[in-house]
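Have the structure open while you read.

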Amino acid sequence: QVQLVESGGGLVQAGGSLRLSCAASGSIFGINAMRWFRQAPGKQRDLVADIARDGSTNYADSVKGRFTISRDNAKNTVYLQMNSLEPEDTAVYYCNMNIDRGSWRSNSWGQGTQVTVTS
């Protein structure tokens with residue numbers, strides 16, 4: 001079994017910052033891509049950022065220059081530093097990891113953490 005536990009969400013004013021964390025635990029041989037998604041009410045779940053095992057990153061256009069994704073492989077943890085937050089960033093944020101389980105890989109999700117940005 002693998003568990004992803006997220007933390008760091010909350011309520012912040014526009015222009016503020018938050019840092020999300022997501023730690024994986026359980027039967028893990030290694031972790032390939034780590035990703036952050038978000039889902040606003042009534043909308044689809046969208047990819048925000050991803051980071052490969054080698055540290056290369058990609059960002060949605062809407063967050064480029066404001067958000068930074070990083071990872072600590074020793075801790076099986078991915079982070080999302082969110083700066084200059086805007087009301088449009090309000091959503092439930094989910095982490096996602098592609099995990100080596102030995103003879104197979106799992107695509108695992110966190111439980112989600114609410115981020116609310118007020119104007």
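Both cysteine 22 and cysteine 95 are buried, where buried means under 20% relative accessible area, exposed over 50%, and partly exposed in between, with a 1.4 Å probe and protein chains only. This is a predicted model, where local features need pLDDT of at least 70 and side-chain atom pairs count only at pLDDT 80 or more, while totals for chains, interfaces and linings use all residues. Residues are numbered from 1 along each chain as its sequence is written, and side-chain values use heavy atoms, with hydrogens and water left out.

Back to those cysteines. A disulfide links cysteine 22 to cysteine 95, with S to S at 2.0 Å; the rule for a disulfide is a pair of cysteine sulfur atoms within 2.5 Å. Cysteine 22 sits in strand β3 and cysteine 95 in strand β9, so the pair ties together parts that are 73 residues apart in sequence. The torsion about the S-S bond of cysteine 22 and cysteine 95 is about 50°, so this disulfide is right-handed. By the same rule the count comes to 1 disulfide.

What does the secondary structure of the chain come to? It's 0 helices and 11 strands, taking helices (H or I, at least four residues) and strands (E, at least two) as DSSP runs numbered from the N terminus.

Now for the core. The largest nonpolar core has 27 residues, and those with the most contacts inside it are Trp36, Val78, Leu80, Met82, Tyr93 and Met97. Such a core is a set of buried Ala, Val, Leu, Ile, Met, Phe, Trp, Tyr and Cys residues joined through side-chain atoms within 4.5 Å. The elements giving two or more residues to this core include β1 (2–7), β3 (18–26), β4 (30–39) and β9 (91–100). β9 gives the most, with 5 residues.

Methionine 97 has contacts (heavy atoms within 4.5 Å) with residues including Leu4, Cys22, Ile31, Met34, Val78 and Ser108, not counting residues up to four places away in sequence.

Finally, some whole-chain values:

| Property | Value |
|---|---|
| Share of the 119 residues that count as buried | 43% |
| Contacts between residues at least 6 apart in sequence that join residues at least 24 apart | 56% |
| Span of the C-alpha trace along its principal axes | about 50 × 25 × 25 Å |

With 119 residues, a compact globule would have a radius of gyration near 14 Å, and the chain agrees, at 14 Å. That radius is taken over C-alpha atoms, and the globule rule is 2.2 Å times the number of residues to the power 0.38.
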